[in-house]
Amino acid sequence: MKRRRNSRNIQDTSSEEIYLSETYNKELIKERIYFGIFKAATYISVMILVLILIYIISTGYKVISWQFLTSMWSHRDITKGGIFPAIFGTILLGIFVSIISIPMGIAAAIYLNEYAKDNLTNRIIKIAIRNLAGVPSVVYGLFGLAFFVLALKLGTSLLAASLTLACMTLPWIISASEEALKAVPQSFKDGSYALGATKWETIIKVVLPNSLSGMLTGSILGVSRAIGETAPIIIVGATFYMSYMPLSPLDKFMALPYHLFILATQHSSSYARDYALGTTLVLIAIVFILNLGVFIARYNLRKKKLW
Amino acid sequence: MIKKKYKELFAEKIFFCAGISAVLILLAIFIYLFTIGIHSFSQISFGEFFFGRLWNPSSYDAPKWGILSLFAGTLMVTFGSLLIAVPLGIAGAIYLAEIASSRSREILKPIIDMIAGIPSVVLGLIGLLFLSPLIAKIFGLSTGLNALSASIMVAIMLLPTIISISEDVLTSLPKEFREASLALGATRWQMIRMTLIPAALSGLFAAIMLGVGRAVGETMAVLIVAGNSLAMPNSYFDPVRPMTANIAIEIKEVVKGSVHYEALFAIGLVLFIMTFIVNLLADIIIEKYVRKYRW
C-alpha cells in the first residue's frame, strides 16, 4: 500500500513540474471518470447484498414469534404451528456434514500441503478437487440418489443427505484448509526438523497448532454454505411434513431451505408467502451468524499472530 | 526407531487416502451418471435426445425426449447472467485490486463474499416475490417469471466468484509492471488499461469460465424464477426451463429404473461434462498463468 501512495506522489509532482500538458490533464479526467465507474460497480454489488438483507428482514420479521420458532409444524393451518422441526433438521444436517467432511478435508489438505510431491498423481488430485467444486449441486443430488440412497440402501434419509452434502463440501474445506496451512511459516517447520522431529511430529506439534483455527473457520464457512443447499436434499431426503422428529440417521428430515421452497411455490395457504419469508429470515440468520462468527474469530486470530 | 518409521509411513498413507478421496468421488459421480444415463439410449435415439425440440416424458403413447429446449434455456440464462455479471464483476475487481485503499478493501471484500453465502433458494424467492413483479411491470408482461429474471438472479450469484478470482489475478501481477508503466509517465488508468488488463487477460478469462460453470449448474434460483416452460424460447421474455431445473422438478416423481429416470441421469451427464470442460479449461489457464508470473 505504501508503495502505491509513493508512486502516486511521484506522478503528482511530475505532472505539476514537468508535464502539465493538456493531454495529460485529459487523461487525468478520463481516469477520474473510469475510476468512478469502477467504484460504482463495486458499490452496486454491496448494495445488492444490503437490499436483499433489508428485504428479507423487513418482510420476514412479521411472522417471527416464539411459537413460530419452537413449535411443531402444523400442516392444516400453518398459522398454528412453527418451523422447529425444520430448524432442528438443518442444524442436525450441518453437524452431520461437519463430522464427515471436516476431518477428511483437513487430512486431505495436510497431505497436499505437507506430503505431496509435484508428480502426476498429486496433480490429478488437485485437478479433481477443483473440478469437484464445480460440479452442479443437482448433479450431486443425482449421484447421492443413485449411490447413497439406492446402491447403499440408506433410503431417502438424513444420513444419505449428509453424505451427499459432505461430498459437495469436501473440496471447499480442502481449499480453505490448504490456505491456512500455507500461512504457517516455513521457518517453524525448519526449526522443528532441526531439533530432530519427524514429519509426523512436526505436523502434530507445529503445523496443526498454528493452523487449526484457520482450518476450522474456513470449514465452518463451507458448512454454512452447504446447509443452504436445496437441490441435493430435495432429491435425497428432505421432506416437507413430518409428524415426528428424526430419531435415527435413517429417518427423513425437514430442512429450512426445502421448507421455504415448498411454501413459496407449492403451498395453497394465503399465509404461505409470509411464512416462506419468515423461514428465509431464520435460514439467513443461521448462515450469517456462522459467517459473522468466523469473521470475528479471524480478526482476533490475526491480532494475536506474532509473525 | 523402526517403530517410529512405521508410524511415519502409516500417517502418510492415511493422509494420502484422504487426498485421493476427491478423485474417487469425482470418478464415482461420473461412473454413476454414465452407467445409468447411457442406459436410456437403449430406448431413446441420440438424435432425438440431443436435437429433439420436445421434452414430454409423461406422454402415455408417444413420449418425447428432446433436450434442445432445455439446453436453450440453460444457454440463455448462462449467457444473460454473464452479460450482467462480467462487466460488473471485473469493474469491481479492478476497483478492489488497484484503486480502493487497503482499509476499504478489507471491509468490502468480506461483504461481497457474503453474497456467496446467500442460499440460491433464497435468491429464487426474492426473484419470485420482488424482481419478477417488477420486471412484469416495467416491460408490460403478464408474468415476470422468464429468462431475463432468471439471468439477473444468477448474475447476482456469479458476482462474488468473478470478483474474487479476478481480484486475485490482478493482485498476483508482478509489481514491476505497475512501476514500469508509472515510471513512463502513465496515469493510473493508463497503467490499468494498457499494462495490467492485457497481462491479466487470460486470468480474467479463467474467472469468466468459472462463472460459466456456476451459471450452467445453478438450480434453485432458475427453478423458481425462470418460469418452467418446456416450449422453445424465442426471447428473454419467454419462460424457460434449464436442464438443472428439469432434473430437480422431475426426479422426485419418477419411477426408479424407468427410462425417464435414466434420461434424467443422461441430462445430468451432459451437465457434468459441460461443467467439467469449462472448469478444466479455467484450471489449465490459471495454472499456466500462475507459473508465468511467479517470479
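## Stop 1: where the chains meet

Select chains A and B together: their contact takes 77 residues from chain B and 80 residues from chain A, where two residues are in contact if their C-beta atoms, placed from the backbone, lie within 7 Å. On the chain B side, pick helix H1 (residues 2-39), which supplies the largest share of the side touching chain A, 21 residues. Helices here are DSSP runs (H or I, at least four residues), numbered from the N terminus. Colour that side of chain B by class and you get 52 nonpolar, 15 polar and 10 charged residues. Nonpolar covers Ala, Val, Leu, Ile, Met, Phe, Trp, Tyr, Cys and Pro; charged covers Asp, Glu, Lys and Arg; the others, Gly among them, count as polar.

A quick note before moving on: this is a predicted model, in which local features need pLDDT of at least 70 and side-chain atom pairs count only at pLDDT 80 or more, while totals for chains, interfaces and linings use all residues. Residues are numbered from 1 along each chain as its sequence is written, and chains are lettered from A and ligands numbered from 1 in the order in which they are written.

## Stop 2: two domains in chain A

Now select residues 15-63 of chain A for domain 1, then 66-304 for domain 2; these bounds come from an automatic or database domain assignment. The C-alpha centres of domain 1 and domain 2 of chain A lie 34 Å apart. Their contact takes seven residues from domain 1 and eight residues from domain 2. On the domain 1 side there are four nonpolar, two polar and one charged residues.

## Stop 3: a helix with a kink

Next, select 137-151 in chain A: this is helix H6, with 15 residues. Where is the kink in H6(A) centred? Click on A:Gly144, and you're at a kink of about 35 degrees (the bend is the angle between axes fitted to the seven residues ending there and the seven starting there). Of the 15 residues in H6(A), 13 are buried, meaning 20 or more other C-beta atoms lie within 10 Å of their own; 12 or fewer makes a residue exposed, and in between is partly exposed.

## Stop 4: two positive phi angles

Step just past H6(A) to A:Lys153, whose phi is positive, about 55 degrees, although A:Lys153 is not a glycine. A:Lys153 sits in the loop between H6 and helix H7 (158-182) of chain A. Is A:Lys153 buried or exposed? It's exposed, with 9 other C-beta atoms within 10 Å.

Finally, jump to B:Asn228, in the loop between helix H9 (220-225) and helix H10 (243-250) of chain B. B:Asn228 has a positive phi near 60 degrees and is partly exposed, with 18 other C-beta atoms within 10 Å.

Methods. Expected span 1.5 Å × (residues − 1).
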